[in-house]
Every structure is written in C-alpha cells, then in structure tokens.
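Me: I'd like to go through this structure with you and ask what stands behind each label. Here it is.

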Amino acid sequence: MATTAELFEEPFVADEYIERLVWRTPGGGSRGGPEAFDPKRLLEEFVNHIQELQIMDERIQRRVEKLEQQCQKEAKEFAKKVQELQKSNQVAFQHFQELDEHISYVATKVCHLGDQLEGVNTPRQRAVEAQKLMKYFNEFLDGELKSDVFKNSEKIKEAADIIQKLHLIAQELPFDRFSEVKSKIASKYHDLECQLIQEFTNAQKRGEISRMREVAAVLLHFKGYSHCVDVYIKQCQENANLRSDIFEDTAILCQRVNKQVGDIFSSPETVLAKLIQNVFEIKLQSFVKDQLEECRKSDAEQYLKNLYDLYTRTTNLSSKLMEFNLGTDKQTFLSKLIKCIFISYLENYIEVEIGYLKSRSAMILQRYYDSKNHQKRSIGTGGIQDLKERIRLRTNLPLGPSIDTHGETFLSQEVVVNLLQETKQAFERCHRLSDPSDLPRNAFRIFTVLVEFLCIEHIDYALETGLAGIPSSDSKNANLYFLDVVQQANTIFHLFDKQFNDHLMPLISSSPKLSECLQKKKDIIEQMEMKLDTGIDRTLNCMVGQMKHILTAEQKKTDFKPEDENNVLIQYTNACVKVCGYVRKQVEKIRNSMDGKNVDTVLMEFGVRFHRLIYEHLQQYSYSCMGGMLAICDVAEYRKCAKDFKIPLVLQLFDTLHALCNLLVVAPDNLKQVCSGEQLANLDKNILHSFVQLRADYRSARLARHFS
C-alpha cells in the first residue's frame, strides 16, 4: 500500500489503518484460510512500511521547517510595514489638528463679523420700520388714509400688523393731545378685528383650514383672539347638532375637532379644552337638569335610575376625552366639570337612596302579606316581651296561645330576591355616586336597611310566627310546619350571605366599617339561629309527643302478656308499625329541611329522644315469655327504623335496648351469662335489674337473687 500524507487526515484511526494494511498484504489476512497465512511475509511488509513512514516523516519535517522560516520572514516584513504606517498616521493627525485650529479661527472671525453686521443692520431695519409707522401715524393724524394697505382688502394681513403696532404706540401717548388720533386708531383696530373674525368665520364655513390658520395667526396678537376661538367653538357645535345622543355626539365632535384644531391654532389643547368646557357647562348640564328635575320630587325610583345612568355615561365620556391633549392636568379639569354638573344632586343622594329603599322594601313586604290575606301582627318589645323571650329560650316553654298558621311559613324567596335585587342596585348606585370618603359609611347605611327589612321584618317575623304556631307537646294530630320555616330560612341565609360577600364587602373592605358590618351580621345571625334552635327543639318535643299519643292509643297490655301464649300470629305490634311509619316521615322531613352538619345534629337529638321514649314505654308493661319475644320484635323494628338516621350513636342505643329486651325471654339459668355479655357488661346493674323485674316470672323464678 503506497504511503501518502492523505492517509493520515482526520479522522485517523490507527487500528483501521493497520487492518487495511494487513488485508492488502498477500498471506496476511484471513483470506484462503489458516493455510494461506504467512507471518514472515506480514513481518516483512510491516518492516518495509515502517521504513516508508520514516522517510515520509523526514520529508514532512523538512517541509515544516521551510514553512516556519518563510513565516518568520513575512512576520518581520509585516512588522516593519506597520511601523511605517504608524509614523504616517501621526503626521496626518498633526496636519488635521493644524487644520482644525485654522477652521476654528476663521469661524470665530466670521461670527464676529456677522455680529457686527447685525448690530448695524438691526437699528437700520428698526429705523425703516419706525419711519413707515410714522408715515401711517401721520395719515391717521391728518384724518385721511391714503396708503393702499388700508384700502386693499387683499392686504388685510399687512394692515392688521400695522394697526396692531400703531395701537400699542397710541396707548403710550397722552390723551389730551392725541385723543382724536387714538380714537381713529382704536376704531380702525376694531374694524380690522371684526373683518378678521368674519373672514375666519367664512373660511370655517367653507372648510378652508389653511385660510383659518392664517387668520388665526394674525388674530393671535389681537384682543379679539378669544372671540375668534368662541366663534370656532360655536360653529363646531352647530355643525355637530347635539340632539340624538348627547354623550355619543359629544365624543364624536371632540374627536373630529381634535384632528383639525392642531392645523388651525397655535395652542390646540386650550381650544379643545374650552370646547369641552362649553359643551359640559351648557349643553350637558342643561340636558341633565331636564332629565332629573322632572322626576326629582315625584318619582324617586326613576330619579335614582336617571341619576345613575347620566353620571355613568358622563364619566364614560370623560374617560374617552382623556385620550386627547387638554393640557397638563386633564384629570382634574374633567373631574371639576363633572362635579359642577352633578354636585347639587350628589350632595343628598344617599338620603334619597335610603328613603326610596325603605319605602320600596316596605311595599314589597306589604304586597306579599296582602297576597296571603295576612294582617301582620306586632311583635312586642319592651320589658315584658324581653322577659318572655328569655324565659322561652331557657325553659323551652310556649308562652301565650298557639297560633294556627295553616301551614304558611310567611317566608318567600320571591320577596327575598326582590329585596336583594333592590339592595344590589342600591349598592351599585352607591359605589358610583358616593364620594370615596363617604362610600363605606353610605354602604353601611344601605346594609342596615337590608337587615331591617329582610332579616328583622321578614325572616325574624316569620320565625316568631313559626314559633307561636308550634303546638304544645301534648297536642294530638298537630301539624308541624316549623321545619319548612327552617328550610326556607337556610336558603335565604345563603342568599343574604352571598350578597354580603359579593356586593357589600368590596365597598367596605379597606375601611373601619368592615368590622362593624361583620359584627352586625354575626349578631343578627346568632339571634336567628337561637330562635331556629328553640323552634327545632320544640318541634322535636311535639314529634315525641305525637309518638307518645300513638303508643298510648295503640299499645295494649295484652300485647306483651297474651291470654293464649300459643296463638300469637303477629310479628310486631300495631303501635310499633304506626310509630315507625311516623318516625320515617319525620326523618325524611328533617333531611329535606336542613343542610350540612345541622342534619346530623338534629337527627341525633331526635334519635336520642326517640330511644328514651321507647325505653320508658317498654318499662310500663309486664312481659310473658311470648310477650317478651314480641317486644324483641318491636325493638328490632325500631332498630331498623333507627338505621335510617345514619347516626352511629342512635343505632348503638337501639342495639343496647335490643340486648336489654333479650333479658325478658332468656332462661333463668342463663340470665347471669347474658348480663355479662359484650353489649350489657358496661351497663349499670340497676338498669339490668329494672328490665328483669318486668318479667312475669320474676317472683316465681326468684330472679332477684342474680342481682343481690
């Protein structure tokens, strides 16, 4: 294999290079099998190739040395060339500095010469101008204007410049000697001013922006310049025709004027600001007054709606106008304009709002009670009523006669939604129309009205009426509607709480009124929860009373001590069936009336009272063996009913009661073993003894010895 430098170019792999060398050598590779392999031939080839590599290495080394020498030589030549260029650059820089100094010297001389020429020319120009003014002044002094500049209408711009200067000069002259000429100059000044304003007006009607700009520039030095601006503003409003939608039309007008006012006047922001001020103080204020004064005294609802709508649209218009250049402090400028329009209405806004909200809320409630043909009774206040309330809350005794509400809860979601909707709108108006410093206080006043009419006049009244409608616990076939009151009251509380968080909180969140509102809300809810608890407790008492009536009426002594022990065909007594049916209905009603943890709390209390009733009821009878079996069946049915409560404690109580009933039928010899069982081991012996005493064979079987 010929050895060349190209074979060692990157990427170079020594193993591959040797493999290729072996493969090309006859007898060196695996071709022909083991017999064809010739190690001597391969060794000879390696030796020859190494010699070739050494020769090639020497040749490459000589070439490298030659290139290094050439590189060193070229480096020296390049360094020498750089030194020569540096010297040339220094010479050029020195020449540049000399030239720069010379140019500065010449420029200084030229400036000095220009100043000298200007110093000579300026007095000359002033003298020429003064001479011309003296000539024109003489014409006024003589009483005859001969110059073409005063007669040619096309030279009105030049005439205006001259008369403006003469007017300034005339003001410095003594009145007694030059009264007549001063009068003539003033008259001509006024005439030219009127002509220029008329020319500006005509140009505006023709839409000639360039001519308007020229005339405005001339009038800028006249006293009547402001009148020119007034004419422009008036003409703009006439063309705009602010009638259909004054707010939208005003925005369009200002947008159109903003585009052209910069091409006409030297201070466009002042002109645009004056236009906006004119529209607000005249057109807009008049429109607002017409809309509000008409219903201010006759229709509070419409007045508040109009005030909110007009103020909102005005502030929205102000926001649109903020994008225009109106000077340095446009925010304050626009705020003052809005305040000027609405100040007389906003000063007493909250009084109107509170008055309307109270009358509207009272009307909503009265309309509801009228639809129910209900004359709202007065809930007494004062010492006697407070005393009754405290006694009722502590003793749970009904004070005063029970009121038949005929199943009416006197709570209406429609009424609540209407009251909350009115309050929501009041909060929105309050947020928009109140001063930021008064906002929390005003919002609190609105919240107070909501509490008064929704919580006190409606919910609290319904609770009081519901409490008065709960019959006594010994009433027969009593209709219990208070749970319906609880259900609706819970729903209303959720709506009330949602409005508190959504609409009141944002208005008072960063003010001291927040804690006051939270406390008021807490107090009113605690007060109502106390009445709800009282009503639920009394309702549970009534439920237990109903069950007691069923047991008294349906349970017979012969149920548990039948005359014929061998002829008992029923699985459980009729009293048990009716009580369980009644309990299941009440459990379902409680679940539908409550929410959250309140369901479990009330069901647990009801279950405990249910257990106590059955426990006490069972202890009124004496039990034969078959009667004891029937009692166990009854308790098993009661226990099945208790499972519907889904309260572990209630089920545990009935499990224990079921175990106690086993004592009524167990063989006397096994009595002690049953008493020490898992469910009865922790019970007091007196309780176990009291149940065993109910057995008909208590004396004959001498069962008392097991408890001595």
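Me: What makes residues 50-88 a helical span, and how far apart are the end C-alpha atoms?

Reply: The span is 100% helix and 0% strand, with its end C-alpha atoms 57 Å apart. Helices here are DSSP runs of H or I with at least four residues, strands are E runs of at least two, and both are numbered from the N terminus. An unreviewed UniProt entry places the feature "coiled-coil region" at residues 50-88; such annotations may be inferred rather than shown by experiment, feature names are shortened, and positions follow the numbering used here.

Me: Before we go on, what kind of model is this?

Reply: It is a predicted model, where local features need pLDDT of at least 70, side-chain atom pairs count only at pLDDT 80 or more, and totals for chains, interfaces and linings use all residues. Residues are numbered from 1 along each chain as its sequence is written, and side-chain values use heavy atoms, with hydrogens and water left out.

Me: Why is Ile 276 called buried?

Reply: Its relative accessible area is 1%, and the cut-off for buried is under 20%, so Ile 276 qualifies. Ile 276 lies in helix H9 (residues 268-293). Leaving aside neighbours within four places in sequence, Ile 276 is in contact (heavy atoms within 4.5 Å) with Cys 254, Leu 321, Leu 326, Phe 333, Leu 334 and Leu 337. Take Leu 326: it sits 50 residues away along the chain, yet the two C-alpha atoms are separated by 9.3 Å.

Me: What makes a set of residues a nonpolar core, and which members of the largest one touch the most others?

Reply: A nonpolar core is a set of buried Ala, Val, Leu, Ile, Met, Phe, Trp, Tyr and Cys residues joined through side-chain atoms within 4.5 Å. The largest one has 161 residues, and Tyr 232 and Phe 265 touch the most other members. Helix H15 (residues 439-468) gives the largest share, 16 residues. Leaving aside neighbours within four places in sequence, the contacts of Phe 265 include Phe 200, Tyr 225, Tyr 232 and Val 271.

Me: Phe 410 and Arg 702 next: why is Phe 410 buried or exposed, and why is Arg 702 buried or exposed?

Reply: Phe 410 has 7% relative accessibility, so Phe 410 counts as buried. Arg 702 has a relative accessible area of 59%, so Arg 702 is exposed. Phe 410 is in the loop between helix H13 (383-395) and H14, while Arg 702 is in the segment after helix H23 (685-692). Phi is positive in Phe 410, near 60°, and in Arg 702, near 50°.

Technical notes. Buried means under 20% relative accessible area, exposed over 50%, partly exposed in between (1.4 Å probe, protein chains only).
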